[in-house]
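Welcome! Please take a look at the view below before reading on.

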Amino acid sequence: MSENSEGRREEAQKIKESASQTRDVLKQHFNDLKGTLGKLLDERLVTLLQEVDTIEQETIKPLDDCQKLIEHGVNTAEDLVQEGEIAILGGVGEQNEKLWSFTKKASHIQLDSLPEVPLLVDVPCLSAQLDDSVLNIVKDHIFKHGTVASRPPVQIEELIEKPGGIIVRWCKVDDDFIAQDYRLQFRKCTSNHFEDAYVGSETEFIVLHIDPNVDYQFRVCARGDGRQEWSPWSVPQIGHTTLVPHEWTAGFEGYSLSSRRNIALRNDSGSSGVLYSSAPTYFCGQTLTFRVETVGQPDRRDSIGVCAEKQNGYDSLQRDQAVCISTNGAVFVNGKEMTNQLPAVTSGSTVTFDIEAVTLGSTNNNEGGNFKLRVTISSNNREVVFDWLLDQSCGSLYFGCSFFHPGWKVLVF
C-alpha cells in the first residue's frame, strides 16, 4: 500500500514538474517572439520613413530651384526699373550716359523668361500603402503557433553498454505521429548542458567517447513529416557503461592514432606489421565493431580481425590463432582462407565480430584445438558463421589490423 502511495506521489510530482517546465518554456518563447516581432516592425518603420524623406527631398528640390529663379528674376527687374527711373531724372549728359547703360543692360536681361512650373497633377502626393490583410495572416499564424502535448511522440526504448560507448534505441509511442527525423542528445548527469549526438531518420545510434562508470542522461525528440519544429523531448533516461573503451596500441611506426586511440590511420611509413589493441579488451558475448572511415589501395594481405594473443613478426592476421577479413572480402580462420567470402571493404563499411563460446575443454576431432568458438562476421549486410578452434581457453581476445598501403583509417568500438 505504501509503495503504491509513494509511486502515485512520484507520478504527481513528475506531472507538476513537467507542467511547470512547460509554462516556463512557453513564457520565454513568446516573450522572445514579442521582442523579435517588435524589433522587426521598428526596423520596417524606419525603412519606410527613410523612403518618405528621400522622396520628399527629391521632389521638392526642383520646385525650390524654380522659386529661386523666379525670385532672382523679380529682384533683377526691380533693380533695372530703379536704374531707369534714376536715368530719366538725371541731367542731359548724365542722362544720356545712364540711359545708354540702362538700354544695354535691359537688352541682355530676359525679363519675360521664367522656368517652367510643373502642373499640379504632376506634383507628387505621398501616401502610405498598408495592407490590412497582413494582420489577418499574422493572427492566423499566431493562433496556430505552438502546441502542448501530454506526452512526447517518441521515447527511449533501450540503452546498451559498449566499450567506451552506449547504444541508444528509441521508438514511437504515438501511432498517429509520422516522424521525418529524430534528434538524440546526451550529457553527463553532472552537466547542465545537453549536446546533439545524432540527427537523422534511424531509430538507433551509438554514442561514443563515453567515460566508463559515469552516468549519462539521454533524450530524444522527433520532427513530424513536412514540419520544421521539433516535438517535446522524451523522458530522460540514465545509462552508463562499465566496459573500458577499445584502444589501439600507441607508438607503432606505421600508424597514426586519434587522441582517444580508437581510430588508427595507416600512414606512409615504410614499416609493416599488425597493429594490435593495447589490451585484450574484447570478451565473448560482445559485439566488436570496426568502421572503415577512409580507404587506401587494397592488398590481399590486408586484415581486420581478432586473435588469441599478440604475435610480433607477422605482416597480417592471416595466421594461426586468429580470424580476420581481408579488404577484398576474403575470410581467414587460423591462416586458412574460407570458401565463403564477404563483400569487399569500402569507405563507410562496418565490419562486426560476434563470438560465442561453444565448447569448453577438450574436443574429440581431428582438427586440432581444444577450445571452440562460434564466430559471426558481418559486413555490408552479409555474414559468415563458422567455428574457430583455439589451442587454449581465452577469457578475452585482442583485435588488430594490418594494411600494406597508406590511407586506410579504421574506428573500433
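What volume does the largest pocket have? The figure is about 1900 Å³. Please keep in mind that this is a predicted model.

## The largest pocket

Let us start with the residues around this space. The lining of the largest pocket is made up of 42 residues. Nearest the centre of the largest pocket you will find Thr-22, Val-25, Ser-231, Pro-232 and Trp-233. Sorted by class, the lining holds 18 nonpolar residues, 13 polar ones and 11 charged ones.

Which element provides the largest share of this lining? That is H1, with 11 residues. Helix H1 spans 2–89, and at least two lining residues come from each of H1, strand S3 (179–188) and strand S6 (216–224). Two domains take part as well: domain 1 (1–144) and domain 2 (154–239) each give at least three residues to the lining of the largest pocket.

## The second largest pocket

Now for the next pocket. The second largest pocket has a volume of about 640 Å³, and 20 residues line it. Those nearest its centre are Arg-44, Leu-48, Gln-129, Leu-130 and Asp-131.

H1 turns up here too: with 10 residues, H1 gives the most to the lining of the second largest pocket. Helix H3 (133–144) also takes part, as H1 and H3 each supply at least two of the lining residues. By class, this lining has 14 nonpolar, two polar and four charged residues.

## A closer look at one strand pair

Strand S11 covers residues 287–294 and strand S20 covers residues 409–412. The two strands pair in the antiparallel sense, over four bridges.

Which residue in S20 does Thr-294 stand opposite? The residue facing Thr-294 is Lys-409.

Notes:
Residues numbered from 1 in each chain as written. Predicted model: local features only at pLDDT ≥ 70, side-chain atom pairs only at ≥ 80, totals over all residues. Heavy atoms only, no water. 1 Å grid on protein atoms, 1.4 Å probe; cavity = no way out; pocket = protein on both sides within 12 Å on 5 of 7 lines; lining within 4 Å. Points joined across faces, edges and corners; volume = space filled by probe spheres on them. Nonpolar A, V, L, I, M, F, W, Y, C, P; charged D, E, K, R; others polar. Domains from an automatic or database assignment. Pairing = 2+ DSSP bridges.
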